[in-house]
Amino acid sequence: MLAPSIFFLGPLALLLLVSRPASGREWLWLFISLLGVAASVQGEHALVDQTIRAYGAFFAGTFVVLALVGVSSLVQRALLSAVIAASAVATWYLKLHLRFVDFRADLSSHTWDAYRRIFTDLPATPPTTGAEVVGSAGVSEFARNLADGLASASKVTPGFLTLLLLLGAWLAWGWYHRVSRRPIGPPAKAFVEFRFNDQLIWALLLASAVGLVAPEGALNTFAANLFVVLAGLYAARGLAVVQCAIRRVSALFALVLYLLAFPVLPFALFAIGVADTWLDLRRRIAPPQGATP
């Protein structure tokens, strides 16, 4: 599936276009970006692919417009673009009388077909969760668990797509400033300085509470996806804190440290990111020798 490449190449192509490319390097990367975007919109036209492409296109356009109107904070611009793009996709769904359950079914079906190429003994369609089907002969425990896993994963796929979208925007903005001679807006700050509005902690707590108490339905799904996005942001903030703390150690030591902590790394980074909201941990970390705090 090439569609997610639009998350990086879409914003990059539009940014280069509005900057009026003049050098050979700018034209080369504009050509590469447009070629990649064209490739990402070819192939399958299933609902999941169309949704991903639309989400990426709405985001790229909004991201560049906000940069042109002067929203200088990269994090604020990316988050606002994601909200507007998600709202545009929801409006598109309503206009075409589509439902999120249709997206989930299409995604599970395509993923199931991909697994069947590896595990040839899987049934043609994912087994449902009905008691009469679960207990039927011929449906293996592995097939039932896989189907349940795909159903759960499809529920929070928009949240993970949003994280990919934010990552693509950050990469595109950084590469754009490397390539363009006349970039709009300031370059992104170093990753060790990554932070965002501390008031988002209340959105994280609210999403957690709603996800725990709300029954299965639209509200529960929205809360689950919001939690995925915010958890990813706080984990990235925790990684920035860790990178700041170990910036004086060797790359080999840092790699060994990450490998040793790998089993609990996502939870640890999330906890550190949340703690940084109140403790401002980077301010407490001693600066490198010879540097001023």
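**View 1. Leu206 sits in helix α9.** Helices here are DSSP runs (H or I, at least four residues) and strands are DSSP runs too (E, at least two), numbered from the N terminus. With a relative accessibility of 55%, Leu206 counts as exposed. In these legends, buried means under 20% relative accessible area, exposed means over 50%, and partly exposed is in between (1.4 Å probe, protein chains only). Now look for Thr111: it is 95 residues away from Leu206 along the chain, and the C-alpha atoms of the two are separated by 31 Å. A quick word on what you're looking at: this is a predicted model, where local features need pLDDT of at least 70, side-chain atom pairs count only at pLDDT 80 or more, and totals for chains, interfaces and linings use all residues. Residues are numbered from 1 along each chain as its sequence is written, and side-chain values use heavy atoms, with hydrogens and water left out.

**View 2. Seven residues make a nonpolar patch on the surface: Leu14, Leu17, Val18, Leu34, Val65, Leu68 and Val69.** Which helix gives the largest share of the nonpolar patch? That's α1, with three residues. Val65 belongs to helix α3, and at 46% relative accessibility Val65 counts as partly exposed. Patches take residues with over 30% relative accessible area and no salt bridge, joining like charges within 9 Å and nonpolar side chains (Val, Leu, Ile, Met, Phe, Trp, Tyr) within 5 Å. A salt bridge, in turn, is a side-chain nitrogen of Lys or Arg within 4 Å of a carboxyl oxygen of Asp or Glu. Accessible areas come from the Shrake-Rupley method with a 1.4 Å probe, and for residues only the protein chains shown count as cover.

**View 3. Arg20, Arg25, Arg181 and Arg182 gather in a surface patch of positive charge.** Lys and Arg count as positive, Asp and Glu as negative, while His and the chain ends are not counted. Each charge is placed at NZ of Lys, CZ of Arg, CG of Asp or CD of Glu. Arg181 is in the loop between α8 (157-179) and α9 (200-213), and it counts as exposed because its relative accessibility is 60%.

**View 4. Two residues, Arg20 and His97, have a positive phi without being glycines.** For Arg20 the angle is about 55 degrees. You'll find Arg20 in the loop between α1 and α2 (24-40), exposed with a relative accessible area of 66%. For His97, phi is about 60 degrees. The loop that holds His97 runs between α4 (74-95) and α5 (100-116). Buried or exposed, then, for His97? Exposed, at 71% relative accessibility.

**View 5. Stepping back, the protein chain has 13 helices and zero strands.** Its C-alpha atoms fill a box of roughly 70 × 45 × 35 Å along the principal axes. Of its 293 residues, 38% count as buried. Take the contacts (heavy atoms within 4.5 Å) with a separation of 6 or more: 71% of them are between residues 24 or more positions apart. The accessible surface comes to about 16500 Å², and 69% of that belongs to carbon and sulfur atoms. As for charge, there are 22 positive and 15 negative side chains, and the centres of the two sets lie 15 Å apart.
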